[in-house]
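Here are my notes after a look through this one. Have it open beside you as you read.

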Amino acid sequence: MPVLFTSHGSPMDIPLSKDEKPFWNALYNLGRDLENKYEVKAVLIVSAHWCSRGTFVNISPQQEQIYDYYGFPEEYYKVKYHAKGAPDIAYEVKKLIPNISETTDWGLDHGAWPMLMHLFPNANVPVFQMSIDYYAPASYYYELGKQLQPLREKGVLIIGSGALIHNLPLAGQKIRFNDMTPYGWEAEYDLWLKKQIDERNFVNMINYQDSHTLGKMAAPTPDHYVPVLYSLGLMETKDNIEYFYEGAPSLPAFSERSFMIRQ
């Protein structure tokens, strides 16, 4: 199976259709491609919005839809995505990595379902999430991705869902004045990250806080950045990288660059 790293968009984008938002359209087209070429038995998502102490996997057969954003109009909380879980495959994660804990205390958060609404709009593919150990070193996430590689042979599509650039305080300084223009440094750092990915400089990706002067500003907290390390850890030497979305930053201090890893 391929591996994805994808943005999940801003909560402000949730009501927009795929015709109104190019990124949603890219996800929709990608989903059609995946369904035509692969038998996707389940989706495992590492979402920026499930952070924990330790790593957990959700074994629930039914997935609660979590609206983990606040202060939005009522219609933002009426959007529904009814996907089932994949407990049998979630147990496989536990077998592969025994120190992961099983839980039913989660569902699909907004790092998952807004993106899935366009990738698999019929909610016909079972989905489950794995949490991010917020306190682990960056190398831990990359190594965990390596340990998940056998799932690719079992029809599991693994998705790291986050954002390569995500500085909410800096974004808020502009957005609260209805200024959606980037600061300018986002494009520079986004292209540098692309170069590291293309050249397989994964050490620079792991050491993101020190490998570029913009690293700490682009990712002041690990949650949105580190999902990319799981995806890169899942990559094998014979794989290729295809960017299914690399539009210019649409918000300040934000990147929607997204890619697929496959043979």
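1. Let me start with glutamate 92, which counts as partly exposed because its relative accessibility is 23%. Keep in mind that this is a predicted model. Glutamate 92 forms a salt bridge with lysine 95 through their side chains, at 3.6 Å from N to O. Lysine 95 is exposed, at a relative accessible area of 62%. Why are the two about one helical turn apart? Both sit in helix H2 (residues 87–96), and they are three residues apart. As a general point, an α-helix has 3.6 residues a turn, so residues three or four places apart point the same way.

2. A second pair sits within a helix as well: lysine 194 and aspartate 198 are in H6 (residues 185–198), four residues apart, or about one turn. Their side chains meet in a salt bridge at 2.7 Å, N to O. Both partners are partly exposed, with relative accessible areas of 21% for lysine 194 and 33% for aspartate 198.

3. Next, have a look at glutamate 246 and arginine 257, whose side chains form a salt bridge at 2.6 Å, N to O. Both residues are in the loop between E9 and E10, eleven residues apart. Buried or exposed, where does arginine 257 fall? Arginine 257 is buried, at 3% relative accessibility, while glutamate 246 is partly exposed, with a relative accessible area of 42%.

4. There is also a network: Asp33, Lys37, Glu242 and Arg262 are joined by salt bridges that share partners. Over the whole structure, the search turns up 17 salt bridges.

5. Helix H1 (residues 22–37) passes a simple geometry check. Its 16 residues should span 22 Å at 1.5 Å a residue, and the end C-alpha atoms are 23 Å apart, so the two agree. The buried residues of H1 are Phe23, Trp24, Ala26, Leu27, Leu30, Gly31, Asp33 and Leu34. What covers them? The cover includes strands E1 (3–7), E8 (156–162), E9 (240–245) and E10 (258–262), along with helix H3 (113–119).

6. Finally, the largest pocket holds about 460 Å³ of space. It is lined by 21 residues, of which Ser10, Pro11, His166, Leu168 and Ile175 are the closest to its centre. Which element gives the largest share of the lining? That is helix H5 (residues 168–175), with four residues. By type, the lining has eleven nonpolar residues, nine polar and one charged.

Methods: Residues numbered from 1 in each chain as written. Predicted model: local features only at pLDDT ≥ 70, side-chain atom pairs only at ≥ 80, totals over all residues. Heavy atoms only, no water. 1 Å grid on protein atoms, 1.4 Å probe; cavity = no way out; pocket = protein on both sides within 12 Å on 5 of 7 lines; lining within 4 Å. Points joined across faces, edges and corners; volume = space filled by probe spheres on them. Helix = DSSP H or I, 4+ residues; strand = E, 2+ residues; numbered from the N terminus. Nonpolar A, V, L, I, M, F, W, Y, C, P; charged D, E, K, R; others polar. Expected span 1.5 Å × (residues − 1). Buried < 20%, exposed > 50% of the residue type's maximum accessible area, 1.4 Å probe, protein only. Contact = heavy atoms within 4.5 Å. Salt bridge = Lys/Arg side-chain N within 4 Å of Asp/Glu carboxyl O.
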